Amino acid sequence: MDVTQPARTNESEYEFDYSDYYELDALADFRPCEKLQVKKFSRYFLPAFYSVACVLGLLANFTLLFVFTRSKPARRAHPACVLCADLLFTSTFPFWAVYASRDWIFGARACKLVTLVYAVGLYSSNLFVACAVLRSCVDAACVFRCLGRVGETKKNVVCCTCVWMLAFLAALPHLNFVEERHVHGETQCLYHYTHSWKIYTQLQLVVLIFGIPFLLLLGSSITLYLRTRSSGRSRMARRAIISTGLFFVLWFPYTLVLILHILQYLHVVSDCSVSLHMDLAIQSTECIAFSHVFINPTAYVLLNKRAWRALKGECVSPREYLLDVSENMDSVSSQDSGVELRALQSVQSFSNPEYERGSAEKQGHFLPHAT
């Protein structure tokens, strides 16, 4: 029995071109997003940056520490805490430099410890910078006169303790979620966040390292400017404004990229090329922000008159020191001769009855204190 064949239709209507399924561009949306450029950039750039930043950070911070030890008027509680936080943060740079150039070779415990020190130094440094400017604003505005019975040392201890505790509590999620892992034959120190915790830690970074400190700096700068623009204490307001502007330049680009990463975690941004550019951007802006470890102490010395005088006095050469001593001796000798001359005049005046009557009518006065 013959099988009846169906009538042939126009085959051109059913012809398909499958060549697009084998092109790489067509498969770009279905394959993993490879980030070889980011890995290459980080392997060559980050070790160099961390090494240079570590050297400059240690040099600048130990210079400021030397100024604090040699000059008591330049010593303040909050700048000293900023110094400690920057030293903690800088101490982690050698580990990150080695890790960026090769695998994590320091062990699982070091992975958690270095991450904890890194997070505490990161949070506390920015918070103490804001607290230092806020304290200047409070001193100028005399807001806390009602706390006059509380000693200055106690207020500093309470404030610094609260900031350190806040930084430590904010760093605990980092300690909990970071661990050493072996991925594709490489040993890495990585976070293993859940999706919700990843978004939470990013928001925490945005709020604690930029949001709260910048609002405190901005409010303090505006308050100082309004209170000192009509007086002769505009130097304090100018210093606060420069500190606020410097903080914004260092940390705003990094914070903006962190916000874009949050949008990526929420799948608002999912393109592979955009993800590549954001990874490169976060490494670049992170380096700009992390340069605060040597910019903070340098700016403090340059903007603080007492610290600059103390450093300048320690850097005077022996010849200049001898010249200063000789000038001081000449001034002291001239003052002694003036005292002797006035003493001689006073002795002669005791025998003058008119001088006695004139001096009895004058009010007593005090000699100015030596500065």
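**Reading a predicted fold, residue by residue**

Tutor: E179 counts as partly exposed, at 27% relative accessibility. The model is predicted: local features require pLDDT of at least 70 and side-chain atom pairs pLDDT 80 or more, while totals for chains, interfaces and linings use all residues. Residues are numbered from 1 along each chain as its sequence is written, and side-chain values use heavy atoms, without hydrogens and water.

Student: How many helices and strands make up the secondary structure?

Tutor: Helices (H or I, at least four residues) and strands (E, at least two) are DSSP runs, numbered from the N terminus. Here there are twelve helices and two strands. Along the sequence the pattern reads α-α-α-α-α-β-β-α-α-α-α-α-α-α.

Student: How many bridges join strand β1 to strand β2?

Tutor: Two strands pair if DSSP finds at least two bridges between them. Strands β1 (residues 178–183) and β2 (residues 186–191) run antiparallel and are joined by six bridges. Within this pairing, E179 has L190 as its bridge partner in β2, and E180 stands opposite C189.

Student: Which residue forms a salt bridge with E179?

Tutor: Side chains of opposite charge can pair when their charged atoms come close. The criterion for a salt bridge is a side-chain nitrogen of Lys or Arg within 4 Å of a carboxyl oxygen of Asp or Glu. The structure holds one: R181 pairs with E179, and their closest N and O atoms are 2.6 Å apart. R181 is classed as partly exposed because its relative accessible area is 35%.

Student: Which residues gather in the patch of positive charge on the surface?

Tutor: Patches consist of residues with over 30% relative accessible area and no salt bridge; like charges are joined within 9 Å, and nonpolar side chains (Val, Leu, Ile, Met, Phe, Trp, Tyr) within 5 Å. Here the positive patch comprises R235, R238, K305 and R309. Helices α7 (234–265) and α10 (305–314) each supply at least two of its residues. R235, which lies in α7, is partly exposed because its relative accessibility is 44%.

Student: What is the area of the nonpolar surface patch, and where does V268 lie?

Tutor: Accessible areas come from the Shrake-Rupley method with a 1.4 Å probe. The nonpolar patch amounts to about 730 Å², and its residues include F248, F252, L256, I259 and V268. V268 is found in the loop between α7 and α8 (272–290), and counts as exposed because its relative accessible area is 58%.

Student: How far apart in space are I199 and I259, and Y265 and S196?

Tutor: Sequence separation and C-alpha distance are read together. I199 and I259 are 60 residues apart in sequence and 9.8 Å apart in space, C-alpha to C-alpha. I199 sits in helix α6 (residues 195–228) and is buried because its relative accessible area is 14%. Y265 and S196 lie 69 residues apart in sequence, with 9.4 Å between their C-alpha atoms. Y265 is a residue of α7, partly exposed because its relative accessibility is 21%.

Student: How many residues separate P297 and L64 in sequence?

Tutor: P297 and L64 are 233 residues apart in sequence, while their C-alpha atoms are 6.3 Å apart in space. P297 belongs to helix α9 (residues 292–303) and is buried because its relative accessible area is 3%.

Key. Lys and Arg count as positive and Asp and Glu as negative; His and the chain ends are not counted. The place of a charge is taken as NZ of Lys, CZ of Arg, CG of Asp or CD of Glu. Buried means under 20% relative accessible area, exposed over 50%, partly exposed in between (1.4 Å probe, protein chains only).
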